Amino acid sequence: MSYIDGFVIAVPTANKQKFIEHARHFDSLFIELGAIRVIESWGDDVPDGKVTDFRRAVQATAEETVAFSWVEWPDKATRDAAMKKMVEDPRMDPSTPGNPPMPFDGKRMIFGGFEQVVEVKA
């Protein structure tokens, strides 16, 4: 089964288009390095929880929207090899001239790698 990298980010709502442009630039690099697909999602129905929730997880303010994204890799080995290449690739560095800057506070991003254990398709 595939391997998934997941991300939850608080993005200033006014930066939605900048977020999309940022994603289009960097997501194409994930595909180039072996990802099967990349999904970028903009919060539409993200309710407040009683104990915790997406907004609290990333300390989103009233002026921010939660974005939820994932990268699907064929396997963990492909993902690990790609991550090593990304660290050295100047196209992955938002401070490199010509690359879109991060339109969000990266310190509040939560992320992790996940082994797929169940898949159900229609």
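This briefing covers the surroundings of Ser2 and the pairing of aromatic rings. The structure is a predicted model, in which local features need pLDDT of at least 70 and side-chain atom pairs count only at pLDDT 80 or more, while totals for chains, interfaces and linings use all residues. Residues are numbered from 1 along each chain as its sequence is written, and side-chain values use heavy atoms, with hydrogens and water left out.

**Ser2**
- Ser2 sits in the segment before β1 (3–12), strands being DSSP runs of E with at least two residues and helices runs of H or I with at least four, both numbered from the N terminus.
- With a relative accessible area of 10%, Ser2 is buried (under 20%; exposed is over 50% and partly exposed in between, with a 1.4 Å probe and protein chains only).
- The side chain of Ser2 makes polar contacts with the side chains of Glu72, at 3.0 Å, and Gln116, at 2.5 Å (a pair of N or O atoms within 3.5 Å, where within protein one must be able to donate a hydrogen and the other to accept it, and residues adjacent in sequence count only if both atoms are side-chain atoms).

**Aromatic pairs**
- There are five aromatic pairs, defined by rings of Phe, Tyr and Trp (its six-membered ring) with centres within 6.5 Å, where planes under 30 degrees apart count as stacked, over 60 as edge-to-face and the rest as tilted.
- The Phe19 and Trp42 rings have centres 5.7 Å apart and planes at 45°, so this pair is tilted.
- Because Phe19 lies in helix α1 (residues 16–32) and Trp42 in strand β2 (residues 37–42), the pair ties together parts 23 residues apart in sequence.
- Phe19 is buried at 4% relative accessible area, whereas Trp42 is partly exposed at 22%.
- Ring pairs link Phe19, Trp42 and Phe104 into a cluster.

Conventions
Contact = heavy atoms within 4.5 Å. Lists of a residue's contacts leave out its neighbours within four places in sequence.
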